[in-house]
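Me: I am new to this structure and would like to go through its cavities. Please take my questions in turn.

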Amino acid sequence: MASDAIAVNGNEKEPSYLEYTGKGRGLKSWITSTDHKRIGILYLCSLLLFFAVGVVFGFLMRLELIAPGRTIMDPQTYNQIFTLHGVIMIFLFVIPGIPAVFGNFFLPILIGAKDVAFPRINLLSWYLFVSGGLLAILSITLPGGSADTGWTFYVPYSVRSGTNVTYTLFAAFMLGFSSILTGLNFVTTVHRMRAPGMSWFKMPLSIWSLYATAWVQVLATPIIGITLLLVAVERWFGVGLFDPALGGDPVLYQHLFWIYSHPAVYIMILPAMGVVSEIIPVFARRTIFGYKFIAFSSIGIALFGSLVWAHHMFTAGMSDTGQFVFSILTFLVAIPSAIKVFNWTATLYKGSIELGPPLYYALGFIFLFSIGGLTGLFQGTLAVDIQVHDTSFVVAHFHYVMFGGTGFGIFAAMHYWFPKMFARMYNQKAAKVAFWFLFVGFNTLYFPMFIMGWLGMPRRYYDYLPEFHIYHFISTIGSWILITGLIIMFTNLIRSLRKGKILTEQNIWGGETLEWRVPTPPPHENFEHIPTITEGPYEYKQNEEPQLEEVK
Amino acid sequence: MFSGPSNFVESVDTAFWVVMVISVFFLVVITFSMVYFVIKYSRKKNPKAENIHGNVTLEVTWTVIPTILVLIMFWYGWVGYKQMTEAPEDSMVIDVTAQMWKWTFKYQNGVQADTLYVPLKKNVRLNLHSLDVNHAFFVPAFRVKKDVIPNRNNFVWFNISETGSYNIMCAEYCGLNHSNMYSKVIVIPEQNFNFWLENKSRLKSGSQTTTVKTDTVSN
C-alpha cells in the first residue's frame, strides 16, 4: 500500500513515541501526554490492573461455589463480589479493551493520521476512566460496603439496598462519559483525518468495526448515564420514577438499562471482530475474502444490535407483539455475525498459513465466539429462553462471547501488535503454551454452566442444590487452569518488555496495513510524510507474481 | 417426542433440540474447515497463497440459508411460547406472593401455605405478586418461569401429568438470601388434593398456624 510515499529515514532518526517525553519526565511525561500512542499505553496499564482485580474476584466466586454451602465467604460478601466482578469486567475491561487501548494506539496510524481529532479530550477520557475505576473499587472500603445489586442495578432492589450503590452508579456514569468521548473522537477522526486516497473501501476492516462501535458509543451511552443518575436521584429524594412503592415502574428501568446495555455488547464484540479481520489475512498471506460483506456486516450489527434490547426481558411480562418482534430481530442480528465467521474461514482457504501466536488467539476467538453466538440462538428462541433465562446458561453464553470472544480478541491484539508497540519480541512458544492453558481452562470453566443452566441452576446463587455439585466442581477446576494460562501469558509479555529480543524490522508479520510501514517503535508523529493511498489494505500482490518469493 | 411432568415440556424441548442440531452442525462445519485449512494450506505445504477477493454466490448462499434456518427456530420458539401466555378459562387460580425471601400460596377458599399443592391433570393458574423487590417464579421441571414484579400482574399456568414433588426457585436476584428462596410444588391426584384443601380449611378456622414447614429443599 503506497510504500513509495513513506520516506525511509536515513541518519536523522525521529524520536520514537517511547523516547519523546514532551514537557515532563518520567511518569509526568506519560500522564500529561496527548499523544494517542502514549494514551493507548496508559489505558493498557490501567486496564490490565483492573482486569487483574476482576480476575481475583472471579476466582474467589468460583472457589466459593466449589461445594454447596459456605466455603470461604458469607452470602453478603459473595453478592458484593459478583457485582464488582461484573462492573469491573464490563465497564473497565471489556468495553474499553480494544477501542481505548489498540484503537487509540493504532486507529490514527492505520488511516494515515498523526493523531486523533481531539487529543486533549482523549487524555480527559483516560482521566475519567481511571477516576471511575478507582471510585468503583474504593467503595469497598467505605462503611456499608460496595454495591450488592449485580451490575444491572435492577430497581427496586438497587433503591432499597443499604450498600454504597450510589458510588458504583457514579463510577459507571463517569466510565460512560469516558466511553462517549472516545467514540466521539473516533467518529470525527475516521471522517476527517484519513490519508489522501483512503476512500471508505480502502480502510482496513478494523477501522470499519471501530467506526461502527464509535457510533454506538456516542448514541447509546448517554442513555445509561442518565438512567443511572436517575437511580441515584431516586435513592436520595425518593422521586418515584422506578420504585413501585412510590408509583414508579421497575420495568421502565429495565428497558432504559438494556437500551444501552445490549448495544454495549456490540461495543464489546465489534472491535474484537476487527482485530480478527486484520490478523487472518496477514497470517494467511492473502486478500481477505468478502471485504465489503465484512465491512457492511459491522454496520449491520451496530444497527440491528440497537433494536433487540428487550430480549433481556422475555420473562418480565411484555405484550405478545413485543415478544414476537424482539425475538425475530434477535435472530436477524445473528446473520451478520455468521457472515463474518464464514468469510474469515474462507480467508484461510488457499492461503499460505503461518500459525503464529496471534493466529492461535484469533482462531480461538472464532471457535469460542461461534459457541457464544450459537447459544445466543437458544435464548432468542422464546420457548427455550423461558427455561434458560437467569440461569447459568446465560452466564456461560455471555462469557463465551465476552471473554472467549472479546477477551481472546484482546489477547490476539496484544500478541499481534506487541512487537510494534514495544520493539521487543516475546517468547512465541510460551505464548502458544499459554493459549492452550487458556483454551482448555476456559471451556472447562464455562461449558458445564450450559448444562446446569438448562437443568435449572439459577444465576447469582451463593448456594445450590446437591444435584448441581459436579458441574460447579468441574467449573472451579477450570478456573484454576484458566488462571494458570493467564499467568503464563502475562509473565511472558511483561518479561519480554525488558528481556525480549530487540526488534528493528518494520514489518515482522508481513502485514500490508500502514502500521507495518512506519518504524518500530512508531515515531512521535507516526509519519514523516503522510502517505497517499492507492490500493486496498490487503492486496498481497506477490501472490500474483509468478516465481517470486515473498517480498518484505 | 419429549415428555415430562408439564404440558410445556414437549414444545420447549423440541425447540431446544431443533436449535441444538442446527448449532452443532454449524459449529462442526466451521471448526472442521478451520482446522483442515490450517493444516492443508500451512506455509510449508503451500508457500504461495492465492488471492481470492470473494464470491457473491457464496455470500448470498450463506446469508439466505442461515436466515431461513433462524426463521424456523424463531417459529418453534414462538409456538412454544404462545401457549404459555394463554391460560384456559377453567383454570384453578392460586395467588402467589413473593417477598424477601419466601413464597406464600393462597387458595381461593382463603387457605394459605408455603408449599404449593396442586391437583394432577388440572389447569392451574398462578397470579404472581411481589411485596418488595423483583423475584422470578421458576420451576425448572415444568419449563415455567416468570418475573414477579411489584404492582404488575404477571401470571403463569400449567397442567401437570405426573405426581411428585418439584423445586420452586427464585430466578431474579433479590438480595441476601436469594439462593435460599426455595419452595416445592407437590402434585397429587385431585381427590387427595381436595381432601388436603378441606383439611387445611378446617384447620384454619381452628387455629392460626396453618403453614407447613418446608425447610428441606432437596429431593
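Predicted model: local features only at pLDDT ≥ 70, side-chain atom pairs only at ≥ 80, totals over all residues.

Me: Which element gives the most to the lining of the second largest cavity?
Reply: Two or more lining residues come from each of helix H2 (36-64), helix H3 (75-110), H13, helix H14 (428-455) and helix H15 (469-499) of chain A. With eight residues, the one that gives the most is H3(A).

Me: How many charged residues does the lining of the second largest cavity have?
Reply: By class, 27 of the lining residues are nonpolar and nine are polar. The charged residues number three.

Me: What is the volume of the largest cavity?
Reply: The largest cavity is lined by 49 residues, and nearest its centre lie His262(A), Gly372(A), Gly376(A), His397(A) and Val401(A). Its lining has 30 nonpolar, 14 polar and five charged residues. The volume is about 1,100 Å³.

Me: Which helices of chain B each supply at least two residues of the lining of the largest cavity?
Reply: From chain A, helix H8 (250-284), helix H10 (320-348), helix H11 (357-380) and helix H13 (392-422) each supply at least two residues. Chain B joins them with helix H1 (9-40) and helix H2 (56-84).

Terms used:
Residues numbered from 1 in each chain as written. Chains lettered and ligands numbered in written order. Heavy atoms only, no water. 1 Å grid on protein atoms, 1.4 Å probe; cavity = no way out; pocket = protein on both sides within 12 Å on 5 of 7 lines; lining within 4 Å. Points joined across faces, edges and corners; volume = space filled by probe spheres on them. Helix = DSSP H or I, 4+ residues; strand = E, 2+ residues; numbered from the N terminus. Nonpolar A, V, L, I, M, F, W, Y, C, P; charged D, E, K, R; others polar.
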